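User: I would like to work through this model feature by feature. Please give the general idea each time, then the case at hand.

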Amino acid sequence: MDIIALTRDLGAQVQQCDQYLAYHAAKDAADADQELQNMIGEFNLKKISLSTEIQKEDRDTDKLASLNEEVRSLYSQIMEKPTMAAFNTTKNELDRVLNFMQQILVNAANGEDPYTVEEEISCGGDCSGCSGCH
């Protein structure tokens, strides 16, 4: 069978897996959460204001500090929303599965047995948003 056709079949199978379905349900819920969307909009506007203030030659340090605190506060509030937490959790799980799939393909292309490839989890080293090592 054609390798591209197999890849398309694999893509269709990804769209049937539990991680994909959970991610899209969480994404739809987050998109439908009007309070969350309003908070994200406000967050983006505050980020623009902060960026604009940072770029000024005659920066107002008090205004910068205030905007920075508002951005951080909004970010925290957004991340505490259950719909956003579910979105992030399910996205991370789908990404983990996709990364493992890619790892299998790359290792197979390098001559390894695809049936013996073990999942390697790499976090990148930034522990700021981590809930613990795997």
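User: Does alanine 26 count as buried or exposed, and at what relative accessibility?

Analyst: Buried means under 20% relative accessible area, exposed over 50%, and partly exposed in between, with a 1.4 Å probe and protein chains only. Alanine 26 has 9% relative accessibility, so alanine 26 counts as buried. This is a predicted model, in which local features need pLDDT of at least 70 and side-chain atom pairs count only at pLDDT 80 or more, while totals for chains, interfaces and linings use all residues. Residues are numbered from 1 along each chain as its sequence is written, and side-chain values use heavy atoms, with hydrogens and water left out.

User: Which residues does alanine 26 touch?

Analyst: Contact means heavy atoms within 4.5 Å. Leaving aside residues up to four places away in sequence, alanine 26 touches Thr83, Ala86, Phe87 and Thr90. Alanine 26 itself is found in helix α2. Its C-alpha is 9.0 Å from that of alanine 85, 59 residues apart in sequence.

User: How many helices and strands does the protein chain have?

Analyst: Helices (H or I, at least four residues) and strands (E, at least two) are DSSP runs, numbered from the N terminus. Here there are five helices and zero strands. Along the sequence the pattern reads α-α-α-α-α. Buried residues make up 19% of the 134 residues. Of the contacts with a separation of 6 or more, 54% join residues 24 or more positions apart.

User: Where is confidence lowest, and where is it highest?

Analyst: pLDDT is the predictor's confidence in each residue, from 0 to 100. Where pLDDT is low, the predicted coordinates should not be read in detail. The chain averages a pLDDT of 92, and 90% of the residues score at least 70. Confidence is lowest in α4, at a mean of 95, and highest in α2, at 98.

User: How far does helix α5 reach from its first C-alpha to its last?

Analyst: The expected span of a helix is 1.5 Å times one less than its number of residues. Helix α5 (residues 82-109) has 28 residues and reaches 40 Å, close to the 40 Å expected. Glycine 111 follows α5, with a positive phi near 95 degrees.

User: Which residues of α5 are buried?

Analyst: They are Met84, Phe87, Thr90, Leu94, Val97, Gln103 and Asn107. The buried residues of α5 pack against α2 (18-32), α3 (34-55) and α4 (61-80).

User: At what angle do α4 and α5 pack?

Analyst: Axes are lines fitted to C-alpha atoms, for helices over the stretch in contact, and angles run from 0 to 180 degrees between N-to-C directions. For α4 and α5 the angle is about 75 degrees, with the axes 5 Å apart. Angles under 35 degrees count as roughly parallel, over 145 as roughly antiparallel, 65 to 115 as roughly perpendicular and the rest as oblique. The two helices are therefore roughly perpendicular to each other.

User: Which residues in α4 and α5 meet?

Analyst: Ile78, Met79 and Glu80 in α4 meet Pro82, Met84, Ala85 and Asn88 in α5.

User: What does isoleucine 40 touch?

Analyst: Not counting residues up to four places away in sequence, isoleucine 40 touches Ile78 and Met84. Isoleucine 40 lies in helix α3. It is partly exposed, with a relative accessible area of 22%.

User: Is leucine 45 buried or exposed?

Analyst: Leucine 45, also in helix α3, is exposed at a relative accessible area of 58%.
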